Amino acid sequence: MAMTTRQRAKLSRGIQYAVLILVLIALVVLADWQILYERVFNPAVIADQFPGIITIALKNTLIYTALGFVVGLSLGVILALMKLSSVAPYRWIATLYIEFFRGVPALLVFLALGYGIPLAFGFRFNHYVTVMIALGVVAAAYIAESLRAGLQAVPAGQYEAARSLGMSHTRAMVTIVIPQALRIVLPPLTNEVILLTKDSSLVYLLGMGLAQYELTKFGREGISGAGAGLTPLVAAGICYLIITVPLGLLSRRFETKTDRVKKSS
Amino acid sequence: MSTSATDNTPATTGSQAPAVSVRGLNKAYGDLEVLRGIDLTVHPGEVVCLIGPSGSGKSTLLRCLNLLEEPQSGDITVSGFDVTDPDIDVDAMRRNVGMVFQQFNLFPHLTVLENCTVSQVKVLKRSKTEAERTAMTNLERVGLAEKAQQRPGQLSGGQQQRVAIARALSMNPDLMLFDEPTSALDPETVGDVLAIMRTLANEGMTMLVVTHEMSFARDVADRVVFMDGGVVVEEGPAREVIGSPKHERTRSFLSRVLNPTKVDAPE
């Protein structure tokens, strides 16, 4: 009566399907669909969210993300070049920066900029500048590491061949090394944009007017409305996915493209 | 260094300035001395092969000539440029010196044609049309004109190396350096690359070739230089050095390379 390996695998698969189906049946039978409908996914409440959730919240989330990315990328490029510098103190500064801002929660940076600096120095940045710096300085640490890895992943022979053809250092970097490095860093860079999109939710910590609400703050205000239930947060969540899922798909597209380049070299 | 053959240069070319002149070249990585007092002369139109066991410093010597490696001391002149002068215009010197690498080092993000034009346009400031014309001429020379629009990754190793030769030739160099150009190739594609190098040699190109292809060295080189342990052990006309080496170290190296299956008693 001993079972073969194949029979055992078949039985195991059968049991896994059975468990899955039982759980689904239990959910369908036990869940209170009426309450879920009213309090979690209430079309009437969702309708109330419009158009603000798009024209204010989604728009601001995109603006905050873009601001953070611009600062993060610019600072990240500088840090990556510092980390690859032949001048040791530059490398130390870049390493310190990266370790620090990768190590502390973004939340802490927001609190420091939003509340710490005004308390300590009696001086407050403009709202958008605060967001831009807070998101940017953290993103820069991650972006710098991706860029450095990308630049180092281009074989040294590429640079040597370019120089051997009479190109200057700058010309060889701009024409030969950086285009190849960019292809390598596009997937991690896309991931960084996804992380930034989500980190922009931390803006809710800062005091602000309705016009500056982003998705999380907008959803949070929404649930305090009478009878709104969870629905405003669910709506906000869906809006995040509308941004991040396409970015994820894009990242995977880049990845397969890079693989092709790598295989062909 | 250790033989009197060092100054055995052909009298016929003695009146011209040498294409390459190396005097007392030293190069070390930390405590490891890779080159110890190298003297070498290559005359215009000459083909010189550098042979020797791995780690003998052949590639390092070649890379010192166009400053991919920084020599510690010694004098190097390459096609009229004083390479060891700290104020040398490195880029100008390299424009005159073509380099072919063991790993080809084609630019994978550019087409075959772009590989051959990019430096002409960016460095020599040739027009795109002129650069493409030069590139196509050289791609025809290596028999790959029909691959102009493909990416390097779509070519075989031998084809990539031929493109690398065309890329170097497109800069109209006075001198071509080859760093083990066939060592990374499948055996069946080695012949195509060697055939092109042979044609180049016959056309009068000045060539300095680091190679393990003894039959190529014997048939094509005007002179063969045998290096071991960072010094030039023996040099002379190709047939003499390979056919009847004077030095014991050369003999033992050649017998190992030419009869790889024969087990030698250690010297």
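The model is predicted, so please read every value below as computed from it. Chain A and chain B bury an area of about 1900 Å² between them. Chain B holds an open sheet of six strands and an open sheet of four strands.

**Where chain A meets chain B**

- The contact draws on 19 residues of chain A and 24 residues of chain B.
- Carbon and sulfur atoms give 60% of the area of about 1900 Å² that is buried between chain A and chain B.
- Two salt bridges are counted between chain A and chain B.
- Seven residue pairs, both residues being at pLDDT 80 or more, are in polar contact across the interface of chain A and chain B.
- On the chain A side, the elements giving two or more residues are helix H8 (156-164) and helix H9 (169-199).
- H8(A) gives the most to this side, with seven residues.
- Sorted by class, the side of chain A that touches chain B has six nonpolar, nine polar and four charged residues.

**The six-stranded sheet of chain B**

- The strand order in this open sheet is E6-E7-E8-E3-E9-E10, and the pairing is mixed.
- Strand E6 (97-100) and strand E10 (231-237) of chain B stand at the edges with a single partner strand each, so one side of each has no neighbour in the sheet.
- On average, neighbouring strands of this sheet are turned by 15° against each other, direction ignored.
- Strand E7 (residues 175-179) and strand E8 (residues 206-210) of chain B run parallel and are joined by five bridges.
- Leu177(B) stands opposite Leu208(B) in E8(B).
- Helix H1 (residues 58-65) of chain B lies across strand E3 (47-51), E6, E7, E8 and strand E9 (223-228) of chain B, and runs at about 145° to E7(B).
- Helix H6 (residues 187-202) of chain B lies across E3, E7 and E8 of chain B, at about 145° to E8(B).

**The four-stranded sheet of chain B**

- Here the order is E2-E1-E4-E5, with antiparallel pairing in an open sheet.
- Strand E2 (32-42) and strand E5 (81-82) of chain B are the edge strands, each pairing on one side only.
- Eight bridges join strand E1 (residues 20-29) of chain B to E2(B), and the two run antiparallel.
- Along this pairing, Tyr29(B) stands opposite Leu32(B) in E2(B), and Asn26(B) stands opposite Arg36(B) in E2(B).
- The hairpin of E1(B) and E2(B) has two residues between the strands, and Gly30(B) takes a positive phi near 60° there.

**Backbone details to look at**

- Most residues other than glycine have a negative phi, and most peptide bonds are trans.
- Phe104(B), a residue other than glycine, has a positive phi near 65°.
- You will find Phe104(B) in the loop between E6 and helix H3 (112-122) of chain B.
- The peptide bond from Phe50(A) to Pro51(A) is cis, with omega near -5°.
- Pro51(A) is in the loop between helix H3 (43-49) and H4 of chain A.

- Side chains of opposite charge can pair when their charged atoms come close.
- Over all chains, the count comes to 17 salt bridges.
- Among them, Lys217(A) and Glu221(A) meet through their side chains at 3.4 Å, N to O.
- Lys217(A) and Glu221(A) are about one helical turn apart because they are four residues apart in helix H10 (residues 215-223) of chain A.
- Val71(A) belongs to helix H4 (residues 52-83) of chain A.
- Leaving aside residues up to four places away in sequence, Val71(A) touches Gly76(A), Met132(A) and Gly136(A).
- Val71(A) and Met132(A) are 61 residues apart in sequence, yet their C-alpha atoms are 6.8 Å apart in space.

Notes: Residues are numbered from 1 along each chain as its sequence is written. Chains are lettered from A and ligands numbered from 1 in the order in which they are written. This is a predicted model: local features need pLDDT of at least 70, side-chain atom pairs count only at pLDDT 80 or more; totals for chains, interfaces and linings use all residues. Side-chain values use heavy atoms; hydrogens and water are left out. Contact means heavy atoms within 4.5 Å. Buried area is the accessible area (1.4 Å probe) that two parts lose on being put together, summed over both. A salt bridge is a side-chain nitrogen of Lys or Arg within 4 Å of a carboxyl oxygen of Asp or Glu. A polar contact is a pair of N or O atoms within 3.5 Å; within protein, one must be able to donate a hydrogen and the other to accept it, and residues adjacent in sequence count only if both atoms are side-chain atoms. Ala, Val, Leu, Ile, Met, Phe, Trp, Tyr, Cys and Pro count as nonpolar, Asp, Glu, Lys and Arg as charged, and the others, Gly among them, as polar. Two strands pair if DSSP finds at least two bridges between them. Axes are lines fitted to C-alpha atoms, for helices over the stretch in contact, and angles run from 0 to 180 degrees between N-to-C directions.
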